[in-house]
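Biologist: I would like to learn how to read a protein model. Could we go through one together, step by step?

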Amino acid sequence: NYSLFLFEEPHILKVIYPDKVIQKPDNQPVVEDAPMVVNDRSVVVRQQNIVVDKTEFTLQFFDHKEQDGDIVSINLNGKWIIENQELKNRPLQVQIKLNPEVENYIILHAENLGTVPPNTCAITYYLNGRKKQVVLNSSLNESEMIRMEYVKPKKK
């Protein structure tokens, strides 16, 4: 019964992986790392991420809870997409295009504190058809950053 196993020769398997080449899109700037200082202010990283299932989507920015005259600038991947804008209860809509090749981030930079410090900005977006919200806070000493993470939609 054991004689069959004695006649088998060992099998040798060699796996060869092809070289991986990643093409970076020419039209999108490559941002290496998120900054730790913006306009002489330290950047605080929020632990929660904005998770999206599309690379192009809309973010809505508005004053959280009470409209109190907060004026902000918003930085997306090193580029100012909103500058010196007063936040109101009615949301400011901004079309966002993520670069899946790099870490994407948004930094809330307070230009003032409004009448009720700190400067607060609510951000709404959609994930899998459901509305999500995150709130960023900034002062005149610190700007808050949140990373944006792209996850491919699940196929049904």
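Modeller: Gladly! Buried residues make up 35% of the 156 residues in this protein, where buried means under 20% relative accessible area, exposed over 50% and partly exposed in between, with a 1.4 Å probe and protein chains only. This is a predicted model, in which local features need pLDDT of at least 70 and side-chain atom pairs count only at pLDDT 80 or more, while totals for chains, interfaces and linings use all residues. Residues are numbered from 1 along each chain as its sequence is written, and side-chain values use heavy atoms, with hydrogens and water left out.

Biologist: How many helices and strands does the protein have?

Modeller: Helices (H or I, at least four residues) and strands (E, at least two) are DSSP runs, numbered from the N terminus. Here there are one helix and 11 strands, and along the sequence the pattern is α-β-β-β-β-β-β-β-β-β-β-β.

Biologist: What share of the contacts with a separation of 6 or more comes from residues 24 or more positions apart?

Modeller: A contact means heavy atoms within 4.5 Å. In this protein the share is 74%.

Biologist: Which residues line the second largest pocket?

Modeller: Rolling a probe the size of a water molecule over the atoms shows where empty space is left. A pocket is an open set of points on a 1 Å grid over the protein atoms alone, where a 1.4 Å probe fits, with protein on both sides within 12 Å along at least five of seven lines; lining residues have an atom within 4 Å of a point. The lining here consists of V52, D53, K54, F57, T58, Q60, T124, Y125, Y126, N128 and G129. Two or more of the lining residues come from each of β4 (56-63) and β9 (119-127). The space in this pocket is about 170 Å³, counted as that filled by probe spheres set on the points.

Biologist: Is T124 buried or exposed?

Modeller: T124, which sits in strand β9, is buried because its relative accessible area is 3%. Beyond neighbours within four places in sequence, T124 is in contact with T58, L59, Q60, F62, K131, K132 and Q133.

Biologist: And E144: what does E144 touch?

Modeller: E144 belongs to strand β11 (residues 142-150) and counts as buried because its relative accessibility is 10%. Leaving out residues up to four places away in sequence, E144 touches V44, R46, I106, I107, L108, V135, L136, N137 and S138.
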